[in-house]
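I opened the model to look at one helix and at one residue in the loop after it. My entries follow.

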Amino acid sequence: MVRYKYTPEALAAAAAAARNITEVMRLLGVRVSGGSHAHISRQLKRFNIDTSHFTGSAHNRGARWRRLSPTELLVVLPTARPLRMPVSDGLRSSSPRWSTILMR
């Protein structure tokens, strides 16, 4: 008899309540790490547990992006001003000090 650390029922319940695999791990009390993430992912696939409601990567949170066309992506920006400009400090006018303040 094969013993699993997490029963298929516990995995299914956690997966139903979660939006991603990391959330499943937190619900199960598993330390969030790459190896545990891979293990839980394999277990979900092994037991055919539905994950279609997962939103994907956390930084996207289920956002659906459309690809930009070249005309939308390639736009002419206004001419930029220099980010650093020489500033005289009043002490040595022959060697200017550079200011790192953004010039807008």
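I took buried to mean under 20% relative accessible area, exposed over 50% and partly exposed in between, with a 1.4 Å probe and protein chains only. This is a predicted model, so I kept to its limits: local features need pLDDT of at least 70, side-chain atom pairs count only at pLDDT 80 or more, and totals for chains, interfaces and linings use all residues. Residues are numbered from 1 along each chain as its sequence is written, and side-chain values use heavy atoms, with hydrogens and water left out.

Entry on α3. I took helices as DSSP runs (H or I, at least four residues), numbered from the N terminus. Helix α3 covers residues 34-46, 13 residues in total. I read 18 Å from its first C-alpha to its last, close to the 18 Å expected at 1.5 Å a residue (1.5 Å times one less than the number of residues).

Which residues of α3 are buried? I listed I40, S41, Q43 and L44. They lie on the same side of α3 because they cover an arc of only 165° around the axis, taken from the directions from the helix axis to the C-beta atoms. On the other side of α3, I found G34, G35, R42, K45 and R46 exposed. The buried residues of α3 pack against α1 (8-17) and α2 (21-28). N48 follows α3 and has a positive phi, near 55°.

Entry on F54. I located F54 in the loop between α3 and α4 (70-73). F54 counts as buried because its relative accessibility is 16%. I counted a contact when heavy atoms are within 4.5 Å. Not counting residues up to four places away in sequence, F54 touches A15, A18, R19, N20, I21, V24 and L44. F54 and R19 are 35 residues apart in sequence, yet 4.6 Å apart in space, C-alpha to C-alpha.

Definitions and conventions:
Helices (H or I, at least four residues) and strands (E, at least two) are DSSP runs, numbered from the N terminus.
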